[in-house]
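Hi,

Here is the structure I promised to pass on. Have a look at it first, and then read my notes below.

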Amino acid sequence: MARTRILILGAAGRDFHDFNVVYRGDPAYEVVAFTAQQIPHIANRTYPPSLAGDLYPEGIPIYEEDRLEELVREHAVDACVMAYSDVSHVAVMHLASRANAAGAHFLLLAAERTMLESRRPVVAVCASRTGAGKSPVTRKVVRVLREAGRRVAILRHPMPYGDLERQAVQRFATYEDLDRCETTIEEREEYEPHIAAGSVVYAGVDYGAIVRRAEAEADVLVWEGGNNDTSFLKAAVYLTVVDPHRVGDELTYYPGETNVRLADAIIVGKVDTAPAGAVERVRANVRSVNPHAQILEAAFPLTVGDPGVLRGRRVLAIEDGPTLTHGEMTYGAASIAAREAGAAALVDPRPYAVGEVRQVFDRYPAIGPLLPAMGYGETQVRELEETIRRAAAEAEAVAIGTPVDLGRLISIPIPYTRVTYECEIRGRPGLLEVLAPVLR
């Protein structure tokens, strides 16, 4: 009997997980290739045989998504499986149209079909869009669980941008672990704040193995999603963070709307910086598709290390990269903090950008006068450093809004200060009520 030939459309994360959970070891299917999107330098690799299993002795090749039609025809693909996140509903259907026109079906796997079960209770923290505030909410959830006497391990959405075999199971408890694994800036943005708070973070490629490792040292597992992806684990409590700065996106982005519909509780974040009318519209939107979820409100108050560094000066604002790129935000913690601190002006980094940093601005022109902290590899890190050095000809100070401590990784030739933020739940219900199924 002929095997169904599958092409998985991914971005180095969800794609590998879907393969591991749904297709690996099933002789009814043959995954002929993965495609790569959103993240640079993740194509032209091979998903290795040690992870792919006995049915794939040569591993599985990874190609650029631009070749979708060519791959469908060349490999006689029966179905393309969508396996990455933070994409508008319209963009998803453009992909579907490309696949269909090339002769393949287009599939969206059910969220629950890709969820692993744990022997420990699980809290999942997901979102409607990249940059909605999952990480500060996750840190708050962990604090509440610890105060209740629980041992907690954080399982982070995969970011396997390097050697996939070495990254099968990763455990991060110290900064030395980050250095040893040669983590990118994008990885450090997600892991460093948790490590600073005393948490252990697991990530990698093979989440079946990762769950077993984490269960051995924790009473509760906390899943922190990437972008607006759905949880990899079945959760006793499913939390979804929505962003009133992007009203309507909670119903028009994939798979963020799925997260809204799956949620036991919706957390409306950034209520301290969003207009009141926007908060109410978001509440109405989520209530229209999930009338049973509890709705919480959260502020993310900013803390500036030294506001005097910014006051009255021309400031270069550095923000979280994914939030500005496919997250489509045009401001962030650094730019807000600079304005509130009384900065004279924001310096436009675009005239000073070099290499792949310049390419990011070309691809995402709506970013505007902010510098995304791009760092998916050593080349990008050095080009980010050079862009900052050149911008220092005009800028007098730097506001760092990305969660990673950039001063540990690159040289910044002018005064700088970090902008951080934590989650503050306002009103009732609170997290104690929402987390009751786990705390029981």
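Where is the place of Thr-230? Thr-230 sits in the loop between E12 and E13. (Helices, H or I with at least four residues, and strands, E with at least two, are DSSP runs numbered from the N terminus.)

Before going on, two notes on the numbers. This is a predicted model, where local features need pLDDT of at least 70 and side-chain atom pairs count only at pLDDT 80 or more, while totals for chains, interfaces and linings use all residues. Residues are numbered from 1 along each chain as its sequence is written, and side-chain values use heavy atoms, with hydrogens and water left out.

Thr-230 has a relative accessible area of 5%, so it is buried (buried means under 20% relative accessible area, exposed over 50%, partly exposed in between, with a 1.4 Å probe and protein chains only). Its side chain makes a polar contact with the side chain of Arg-14, at 2.8 Å. (A polar contact is a pair of N or O atoms within 3.5 Å; within protein, one must be able to donate a hydrogen and the other to accept it, and residues adjacent in sequence count only if both atoms are side-chain atoms.) Leaving aside neighbours within four places in sequence, Thr-230 is in contact with several residues, including Ala-111, Trp-223 and Tyr-238 (contact means heavy atoms within 4.5 Å).

Now the sheet. It is an open one of 9 strands with mixed pairing, in the order E10-E11-E9-E12-E8-E13-E15-E16-E23 (two strands pair if DSSP finds at least two bridges between them). E10 and strand E23 (424-426) stand at the edges with a single partner strand each, so one side of each has no neighbour in the sheet. On average, neighbouring strands are turned by 25° against each other, direction ignored. (Axes are lines fitted to C-alpha atoms, for helices over the stretch in contact, and angles run from 0 to 180 degrees between N-to-C directions.)

By contrast, E8 (residues 122-127) and E13 (residues 237-242) run parallel and are joined by 5 bridges; Ala-127 has Val-241 as its bridge partner in E13. Helix H8 (residues 207-215) packs on the sheet, touching E9, E10, E11 and E12.

Ala-299 is in strand E16 (residues 294-299). Its relative accessibility is 0%, so Ala-299 counts as buried. Among the residues Ala-299 touches are Val-271, Cys-423 and Arg-426.

The axes of H13 and H14 come within 7 Å and cross at roughly 80°.
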